[in-house]
Amino acid sequence: MTNCLIDWHTNLWLPEHLGEESREEMGSRTGGQMDASPPAHETHIAGTAEKFIVLALRHNQLGIRVPNDFVAQYCARFPGRAYPFMGVDCNDPMAPRQVEQAVKELGVKGIKLAPVYAGFDPWCETAMRVYKVAERLKVPLLWHQSAAYAAKSTMEWGNPILLDKIGREFPKLRMVVAHVGQPWIGETVVLLRKHKQIFTDLSARYYRKWQCYNALMLALDYKVTDQILFGSDFPIQTTQQALDSFRAINDWGPGVAMPKFPAEIIEEEEEGLRSLEA
């Protein structure tokens, strides 16, 4: 990471982009500190990371609507550094067309999907059409395929194993499973071992140190650490906070002897970015 620090998972929004339940739930995790405004992002992400992904969100059942053009316009301020990912809700039958338009007109570089937040079956017909468009346009998917805590979220569609079918049917479609698919970390690691076009990011895991450590050691055992990406999940953490936590993953205090996760893997370069852009 010392040669090219890439933050693979950052958010950008204004308070009015989030539903009331989402604002309350997110705020409860951070003591109310959830400033993901453009000035905060520029300070805490663009001021540290050399390159970074910025996510738009579209989860209609929770009232979360971060506009794609809002994110794209912000990213245009950082040419060659910022990569906008659009948000799409696959309950909307127009979703495939929205992907086509956003890629061609806004220049988005990827798609953020969250079946647990948006409430759609990742195998539904509209979603499959979205994947087909994404594969044709060569834009990757970033999945929140993991736990969700909003009361209206649909956890039954969160298990990363559901992506196995999509990986089989769209073998050229590159995908990233956010948050190591927690709590289904073992399933995520097996998915990486099976599908080389699937990656995962560590965003929002560093501060749950025991979970993060076990995920890393499991990935090491399965020899899939080259498919792990660094990410902060800003505003949950800043890029620097996440990096400091990652570099301290082997620090358990005096007298505690734990197997060490290799420091050289923590400091890897931008191979993940090249792989997703291929």
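**View 1. Trp-210 and Tyr-213 share helix α9 in this predicted model.** Helix α9 covers residues 209-221. Trp-210 and Tyr-213 are three residues apart there, about one turn of the helix. Their ring centres lie 6.0 Å apart and their planes meet at 25°. Planes under 30 degrees apart count as stacked, so this pair is stacked. Tyr-213 is buried, with a relative accessible area of 4%.

**View 2. Tyr-131 and Phe-170 form an edge-to-face pair.** Ten aromatic pairs turn up in a search of the whole structure. In the pair shown here, Tyr-131 and Phe-170 are 5.8 Å apart, centre to centre, with 80° between the planes. Tyr-131 lies in helix α6 (residues 125-137). Phe-170 lies in the loop between α7 (163-169) and β8 (175-177). The two residues are 39 apart in sequence, so the pair ties together separate parts of the chain. Both Tyr-131 and Phe-170 are buried.

**View 3. Phe-52, Tyr-74 and Phe-78 form an aromatic cluster.** Ring pairs link these three residues.

**View 4. Two lysines sit over tryptophan rings.** The charged end of Lys-165 is placed over the ring of Trp-123, 4.3 Å from its centre. Lys-209 lies over the face of Trp-252. Here the distance to the ring centre is 4.6 Å.

**View 5. Eight strands build an open, parallel sheet.** Their order is β1-β2-β5-β6-β7-β8-β9-β10. At the edges are β1 (6-11) and β10 (228-229). Each edge strand pairs on one side only. Strands of a sheet pair through backbone hydrogen bonds.

**View 6. Strand β6 is covered on both faces.** This strand spans residues 110-113. Gly-110 and Lys-112 are on one side, and Ile-111 and Leu-113 are on the other. All four are buried. β6 pairs with strand β5 (residues 82-87) in the parallel sense, over three bridges. Gly-110 of β6 is the bridge partner of Phe-85. Between β5 and β6 the chain passes through helix α4 (residues 95-106). This β-α-β crossover is right-handed. β6 also pairs with strand β7 (residues 141-143), again parallel and over three bridges. Ile-111 stands opposite Leu-141 in β7.

**View 7. Strand β9 pairs with β8 and with β10.** β9 covers residues 198-201. Ile-198 and Thr-200 point one way from the strand. Phe-199 and Asp-201 point the other way. All of these residues are buried. β8 and β9 run parallel, joined by three bridges. Across this pairing, Met-175 stands opposite Ile-198. β8, α8 and β9 make a right-handed β-α-β unit. β9 and β10 also run parallel, joined by two bridges. Thr-200 has Ile-228 in β10 as its bridge partner. The chain crosses from β9 to β10 through α9, and this β-α-β crossover is right-handed.

View 8. A polar contact of 2.7 Å joins the side chains of Lys-194 and Asp-164. Lys-194 and Arg-168 are 26 residues apart in sequence. In space, their C-alpha atoms are 9.8 Å apart.

**View 9. His-59 is buried in strand β3.** The strand covers residues 57-59. His-59 has 2% relative accessibility. Buried means under 20%, so His-59 counts as buried. His-59 touches Ile-64, Asp-89, Ala-114, Tyr-117 and Ala-118, not counting residues up to four places away in sequence.

**View 10. Ser-153 is a buried loop residue.** Ser-153 has its place in the loop between β7 and α7. Its relative accessibility is 14%, so Ser-153 counts as buried. The side chain of Ser-153 reaches the backbone oxygen of Ala-150 at 2.6 Å. Ser-153 is also in contact with Gln-61, Leu-62, Val-116 and Ala-148, leaving aside neighbours within four places in sequence.

Definitions and conventions:
Residues numbered from 1 in each chain as written. Predicted model: local features only at pLDDT ≥ 70, side-chain atom pairs only at ≥ 80, totals over all residues. Heavy atoms only, no water. Phe/Tyr/Trp six-rings, centres within 6.5 Å; stacked < 30°, edge-to-face > 60°. Buried < 20%, exposed > 50% of the residue type's maximum accessible area, 1.4 Å probe, protein only. Lys NZ or Arg CZ within 6 Å of the ring centre and 35° of its normal. Pairing = 2+ DSSP bridges. Right-handed = clockwise from strand over helix to strand, strands pointing away. Polar contact = N/O pair within 3.5 Å; in protein donor to acceptor, adjacent residues only side chain to side chain. Contact = heavy atoms within 4.5 Å.
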